[in-house]
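Here is a short tour of a structure with two chains in it. Keep the picture open while you read, and look up each piece as we get to it.

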Amino acid sequence: MSTNGKPKFAMYWAAACGGCEIAVLNIHEKILDVDAHFDVAFWPVAMDAKYKDLEAMEDNSILLSLFNGAIRNDENAHIAHLLRRKSQILVAFGACATQGGIPGLANLSPVHEVVDTAFTTISTDNADNLRPQPHYRVPEGELTIPKLYPTVQALDQVVPVDYYMPGCPPESHQIAAVIDLVVQVLEGKAQLPPKGTVIGAGVSSVCDECTRTRNEKKIKQFVRIQDIPVDPTLCLLEQGILCAGSATRSGCGALCPKAGMPCVGCYGPADATSDHGARLLNAIASVIDSRDPAEIEKILDGIPDPAGMLYRFGLPRSLLHASKSAWS
Amino acid sequence: MTDTFEPVIVGFTCNWCSYRAADLAGMARIKYAPNVRLIRLMCSGRLDPQFVFKALAEGADGVLISGCHPGDCHYIEQNYKTMRRFALLKRTLAALGIEPTRVRLVWASAAEGNILAEEIDRMVAEIKALGPLNWKQRMMKDKGHLSAVSSQPTAVTGGAQ
């Protein structure tokens with residue numbers, strides 16, 4: 001408890017884009033509930049904060065911490081450990097914290113290639129071909145920057161996590177519902193779900209929330225939405241568009257497929273699935289309309305990057321975690 | 001690789017054909033490499049790619065998938081689904097750096113104990129030449145790296161990002 005009697009709230013971003021923070025602000029007037037019920041103890045995006053202040057807090061003194069972003073470097077891991085120690089409830093918030101997210105695609109490459117891409121490609125102005133140095137001496141003293149880990153990890157691969165809230169970003173109405181629940185728990189009107197629960201999401205697949213018409217799926221060709229006139233009412237996968245809806249957890253309201261964009265799988269695997277990509281692989285390959293190995297191969301040529309497509313948001317949390325080259 | 005390396009191969013067999021082919025190979029006293037641990041499924045179509053990923057992640061050096069010849073499926077056409085999934089699985093494994101030799105699909109009817117035995121021998125020899133996969137060790141090394149760094153005082157001090 002803080003001096004004003006309110007429980008403490010924290011939010012942190014690790015390897016993330018900032019979209020999760022925006023999604024929290026996007027709950028509109030509900031943000032006032034957060035302010036009314038919580039004392040914001042640590043939230044670097046919203047207010048000035050120093051790590052040493054967090055380090056000085058008593059253990060378990062923060063009631064609720066929302067942690068977004070994956071663990072890419074030792075700074076991310078340090079704050080993950082710190083927030084775990086200081087928080088009663090630690091929520092892996094968003095696709096990166098729950099599954100590794102888009103930063104997790106870096107697990108397809110060794111870290112030196114990731115750095116090379118960032119510092120040498122055509123969009124980078126780096127005439128002297130400089131690289132970031134972990135330590136650098138300047139007249140005022142030594143500067144340090146965080147060290148990159150060989151692979152990206154999801155939050156629960158680094159510290160124990162109480163709840164998982166998927167999405168890239170989590171949908172605002174789902175965030176609002178979770179905040180409502182926590183407020184009700186504080187008022188003694190509700191109970192927290194069992195630890196390890198996925199909150200702010202459904203239990204079935206995106207297809208269950210999608211309004212498009214579904215028939216028997218038979219695919220002769222995989223295409224991208226710009227290649228064909230997309231039927232506005234027919235299932236996207238039936239039209240040969242790679243849609244991850246069938247293997248992805250519901251909760252978003254099928255916003256993308258309803259708007260004509262295929263599901264990219266940001267809500268992660270549905271219940272009882274340990275590997276999102278494997279389930280998606282199953283769903284997509286099974287409906288190929290051919291019994292001829294050569295023709296099947298030709299149809300599969302329409303999927304230019306299978307690992308990137310199947311594990312767009314979940315490579316670190318998948319069974320294999322990374323490609324072999326990431327460890328080379 | 002050293003001569004002492006004995007690959008661990010997980011073999012998924014179909015109740016109606018390849019499992020019986022393995023049985024037949026045994027009854028016919030056909031000698032083949034003992035490296036495969038067979039798991040019986042009701043159909044190769046039951047094979048979820050998660051089984052393959054899990055086997056590789058937890059220590060297998062290779063995975064053998066076997067089922068009825070196309071057209072002979074006890075469940076009409078489920079082995080065609082296996083054929084399609086295997087094609088995409090192969091591409092995915094290649095992108096993850098796993099050599100194609102390590103995961104293979106073999107059609108073997110209940111009468112083809114000799115074919116299954118030959119395929120197993122060939123697979124074991126090829127994986128021996130490749131060496132151990134060591135996926136679990138690679139992942140553990142990553143974990144060790146994480147705990148080693150995070151238990152030390154971090155290099156990061158001062159203000160937030």
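## Ground rules

Let's start with "buried": a residue counts as buried if 20 or more other C-beta atoms lie within 10 Å of its own, as exposed if 12 or fewer do, and as partly exposed in between, with the C-beta atoms placed from the backbone. By that rule, 49% of the 328 residues of chain A are buried.

What you see is a predicted model, where local features need pLDDT of at least 70 and side-chain atom pairs count only at pLDDT 80 or more, while totals for chains, interfaces and linings use all residues. Residues are numbered from 1 along each chain as its sequence is written, and chains are lettered from A and ligands numbered from 1 in the order in which they are written.

## Chain A as a whole

Chain A has 11 helices and 9 strands. Both kinds of element are DSSP runs numbered from the N terminus: helices are H or I with at least four residues, strands are E with at least two. Along the principal axes, the C-alpha atoms of chain A fill a box of roughly 70 × 60 × 30 Å. The radius of gyration, taken over C-alpha atoms, can be held against a globule rule of 2.2 Å times the number of residues to the power 0.38. For 328 residues a compact globule would come out near 20 Å, and chain A, at 22 Å, agrees with that.

Next, contacts: two residues are in contact if their C-beta atoms, placed from the backbone, lie within 7 Å. Take the contacts in chain A with a separation of 6 or more: 74% of them are between residues 24 or more positions apart.

## Three domains

Chain A splits into domain 1 (8-102 + 151-186), domain 2 (116-149) and domain 3 (202-328), with bounds that come from an automatic or database domain assignment. The C-alpha centres of domain 1 and domain 3 of chain A are 29 Å apart.

Where these two domains of chain A meet, 17 residues of domain 1 are in contact with 15 residues of domain 3. On the domain 1 side, α5 (95-99) and β8 of chain A each supply at least two residues. By class, that side has 7 nonpolar, 9 polar and 1 charged residues. Here Ala, Val, Leu, Ile, Met, Phe, Trp, Tyr, Cys and Pro count as nonpolar, Asp, Glu, Lys and Arg as charged, and the others, Gly among them, as polar.

## A strand tucked inside

How many residues of strand β1 (residues 8-13) of chain A are buried? The count is 6 of the 6, so β1(A) is largely enclosed by the rest of the structure. In a regular strand the side chains alternate between the two faces of the sheet. Lys8(A), Ala10(A) and Tyr12(A) point one way from β1(A), while Phe9(A), Met11(A) and Trp13(A) point the other way.

β1(A) has partners, too; strands pair if DSSP finds at least two bridges between them. It runs parallel to β2 (residues 39-42) of chain A, joined by 3 bridges, and Lys8(A) stands opposite Asp39(A) there. With β3 (residues 62-68) of chain A, β1(A) pairs in the parallel sense over 6 bridges, and Tyr12(A) faces Phe67(A) across that pairing.

## An exposed proline

For contrast, look at Pro194(A), which sits in the loop between α7 (172-186) and α8 (255-258) of chain A. Pro194(A) is exposed, with 8 other C-beta atoms within 10 Å.

## Where the chains meet

Now for the two chains together: 41 residues of chain A are in contact with 37 residues of chain B. Elements giving two or more residues to chain A's side are α4 (74-86), β8 (148-153), α9 (276-286), α10 (293-300) and α11 (306-310) of chain A. α9(A) gives the most, with 6 residues. By class, chain A's side has 22 nonpolar, 11 polar and 8 charged residues.

α9(A) is mostly covered, with 10 of its 11 residues buried. Those buried residues pack against α11 of chain A together with α2 and α3 (78-95) of chain B.

## Chain B

Chain B has 5 helices and 4 strands, in the order β-α-β-α-β-α-β-α-α from the N terminus on. Of its 161 residues, 42% count as buried.

In helix α2 (residues 49-57) of chain B, the buried residues include Pro49(B), Val52(B), Phe53(B), Ala55(B) and Leu56(B). They cover an arc of only 160° around the axis, so they sit on the same side of α2(B); the arc is that of the directions from the helix axis to the C-beta atoms. Just after α2(B), Gly59(B) takes a positive phi of about 125°.
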